[in-house]
Protein chains: 2
Amino acid sequence: MDKKKDISMAVIKRLPKYYRHLAELLRNDVDRVSSKELSEKIGFTASQIRQDFNCFGGFGQQGYGYNVKELYNEISTILGLDKRYSTIIIGAGNIGQAVANYTRFEKFGFDLNGIFDVNPKLIGMKMKDIEISDIDTMDEFLKNNKTDIGIICVPHTVAQRVADTLVANGVKGIWNFAPIDIHVPENVSIENVHLSESLLTLVYLMNDLDK
Amino acid sequence: MDKKKDISMAVIKRLPKYYRHLAELLRNDVDRVSSKELSEKIGFTASQIRQDFNCFGGFGQQGYGYNVKELYNEISTILGLDKRYSTIIIGAGNIGQAVANYTRFEKFGFDLNGIFDVNPKLIGMKMKDIEISDIDTMDEFLKNNKTDIGIICVPHTVAQRVADTLVANGVKGIWNFAPIDIHVPENVSIENVHLSESLLTLVYLMNDLDK
């Protein structure tokens, strides 16, 4: 996979958007698409799109546009969607529940194998056929079950501690919903969904337009 | 509020992070903080931080650092958190429920005044003391109740239609959780929380490190 080297974060952040739009074209039985058509759909410039696809080795033919199915498959592979990922959720509150019930989860190749919480009222209950376990048993679970991704949905006060336990047990990806910046070693990837920051940005933009 | 003019999106996106870290300093009774200390905490460079704060007119004194309380209040005002916002949630599924129960919501000045769904099983039920209404009544609700923000938690197939109704009734801010790019006029602000894009980015980064 040498062609993936040195790709900027900006390009990487655009890949899921390409993936989503190509999936929609596929559903609508579109065979070929030009960078100009994609540009009108997605909002990036056609030249930006051609440049991005060139980072991954092309896939297009001048004048003929891109083969949608081929491009979709290639981007799936680049994104790593040709594999399956073992995941656990830590924190079975509102956000943990929403993530567990997130319908695209399994379609993308994520297997939910464990849910952990500290709340005795939740422990023993089931979400998506998985029994919520005591968070004190997480360390042992991780030692016995290879886990790729930990989804942190606990309060910000304990999020770093949860992340440390995940990392110590070889988890290589963290999807963090707690409103703090979690620190992880360089060989661990982290993506944050900071709801409050998104909401505050919205309010700022509304007030800015209101001037 | 002329000082807000011409501030780049990059700076705006950093404001909620400053706000969050300053709130934490306040909770820990810290009175003053230098750009260097903030830099170690937040991860931006000290010169970046000084430059950002200068965009809004300063607040610091060379050698003395920033007054945490003053800076916090000023950033709150800049973000528009000195006002209250009337909001409604459209879509009472998993994500709608998580947002309704999101504890920071009220603290930030958001009043949840309506929840709408299409599902007869949900209509009439209560979430956070608010009865879920038939989505067919939303247009009338909006005509009778000035609403600042609409939170879209419906499937992607109907999200644009919901947004159009919101915009036609004067809603000026949209917080969108549906996995599509919603189009709104220039005088309406939109912030997207695209969970699937975040998750796909995580998987890409994991595989990239794995090479």
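Does A:Glu24 count as buried, partly exposed or exposed, and at what relative accessibility? At 27% relative accessibility A:Glu24 counts as partly exposed, where buried means under 20% relative accessible area, exposed over 50% and partly exposed in between (1.4 Å probe, protein chains only).

The model is predicted, so local features need pLDDT of at least 70 and side-chain atom pairs count only at pLDDT 80 or more, whereas totals for chains, interfaces and linings use all residues. Residues are numbered from 1 along each chain as its sequence is written, chains are lettered from A and ligands numbered from 1 in the order in which they are written, and side-chain values use heavy atoms, without hydrogens and water.

Three of them are tabulated here.

| Salt bridge | N to O distance |
|---|---|
| A:Glu24 and A:Lys41 | 3.5 Å |
| A:Lys146 and A:Asp148 | 2.7 Å |
| B:Arg20 and A:Glu197 | 2.6 Å |

A:Lys41, the partner of A:Glu24, is partly exposed at 29%. A:Lys146 is exposed, with a relative accessible area of 68%, whereas A:Asp148 is buried at 16%. Both B:Arg20 and A:Glu197 are buried.

Among the rings, Phe, Tyr and Trp (its six-membered ring) pair if their centres lie within 6.5 Å, with planes under 30 degrees apart counted as stacked, over 60 as edge-to-face and the rest as tilted. The whole structure holds 18 such aromatic pairs over all chains, including the stacked pair of B:Tyr19 and B:Tyr72, at 5.1 Å centre to centre and 15° between the planes.

Conventions
Salt bridge = Lys/Arg side-chain N within 4 Å of Asp/Glu carboxyl O.
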